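Hi everyone, thanks for coming. Have a look at the structure on the screen, and then I'll walk you through a few contacts I picked out.

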Amino acid sequence: MSDTRRKLTTIFCADVQDYTRLMGADEEGTLAALKRCREAMGRLIESHGGRVINTWGDGLIADFPSVVEAVRAAVDTQNELAGFNARRPADGRMLFRIGINLGDVIVEGDDIYGDGVNIAARLQASAAAGGIVISSTVYDQVRNKVAVGFEFLGPLTVKNVDEGVPSYAVKIGDARDETPPAGRSGPTRPQPQPAAVMPADMAEARPAPGGRRLYGVLGVVAAVLIGINLLSWQGVFWARFPVLALGVIAALAWNRDQIRFHRKITSLAILALGLVGINLLTWTGQFWAVWPILAITAVMGLRWSMRR
């Protein structure tokens, strides 16, 4: 039996387009921008359940137990970095390329190796600046689960892999025609351009279509409950409790799509506010919610201190 340990995981690779040119123009400014972008990327990777494995130069590699969360982390990353780049001159933008692959890898300590990693790196190299390219193994898992478009790019040649790897571009913004990167044959393809069209605060404030539908449904249900309560009034406003529950559900749904704050910590804060609401709606002269809130605050503090 071999001592080599293997696992199936989702590999996330990223690097900066034209990093050498940026360093040549402004070393200190480029390093500061790279640090800012990596901090944002690391936070988003962690919030989606991923783990940063290694960084080198302008590159980063992470892995995720969930394929869907890996793609969501990539989309959130490009949208957040879009806001950062929108405030920079056109020739000083730090545009990341991201490649994602689902594959079997060799695990040694905290590092991973193998064809699964090589394919993710090759996908990343073939991505447009500010764009994301995924393998067909990833596409099969996320095509009906992530609210983005996909464009088939054809098979991608990877060293030491006999057959071409079918790949897809994730469409997360406006597109323009671009000449394919060196090493890829085929027709021109559109390039995702989140950095030029969607600042991070706009991306965060704009709920997805599914989120808007959910908020609408919850609002209608709350209005109906209040209406029933008023039309059958017997001196008790019982609708306050289900309306509070609906409010907590809406807040948790918003938290799932927002990218500004750490999602797990924000979820705990929402639950704490829900407890305060229950305490106030059932007020008997005692603020009993202080104890569970204290426990939640301790958990939030521990999570914050353990963040990388």
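**Charged pairs and ring pairs**

Let's start with Arg97 and Asp15, which are both buried, meaning under 20% relative accessible area, while exposed is over 50% and partly exposed lies in between (1.4 Å probe, protein chains only). Before I go on: this is a predicted model, where local features need pLDDT of at least 70, side-chain atom pairs count only at pLDDT 80 or more, and totals for chains, interfaces and linings use all residues. Residues are numbered from 1 along each chain as its sequence is written, and side-chain values use heavy atoms, with hydrogens and water left out.

Okay, so what do Arg97 and Asp15 form? They make a salt bridge, with the closest N and O atoms 3.0 Å apart; the term needs a side-chain nitrogen of Lys or Arg within 4 Å of a carboxyl oxygen of Asp or Glu. Arg97 sits in strand E4 (residues 96–108) and Asp15 in strand E1, so this pair ties together parts that are 82 residues apart in sequence. Those labels are DSSP runs numbered from the N terminus: helices (H or I) have at least four residues, strands (E) at least two.

A search of the whole structure turns up seven salt bridges. One of them joins the side chains of Asp63 and Lys7, at 2.9 Å from N to O. Here strand E3, with Asp63, is linked to strand E1, with Lys7, and the two residues are 56 apart. Buried or exposed? Asp63 counts as buried, at 5% relative accessibility, whereas Lys7 is partly exposed at 27%. There's also a network of salt bridges linking Lys7, Arg51 and Asp63.

Now for the rings. The whole structure has four aromatic pairs, where rings of Phe, Tyr and Trp (its six-membered ring) have centres within 6.5 Å; planes under 30 degrees apart are stacked, over 60 edge-to-face, and the rest tilted. Phe12 and Phe64 are a tilted pair, 5.9 Å centre to centre with 45 degrees between the planes. Phe12 is in strand E1 (residues 5–16) and Phe64 in strand E3 (residues 59–64), 52 residues apart. Both Phe12 and Phe64 are buried.

Phe152 and Tyr168 are tilted too, at 5.0 Å and 55 degrees. Why does this pair tie together parts 16 residues apart in sequence? Because Phe152 lies in strand E7 (residues 149–156) and Tyr168 in strand E8 (residues 165–171). Finally, Tyr139, Phe150, Phe152 and Tyr168 form one aromatic cluster.
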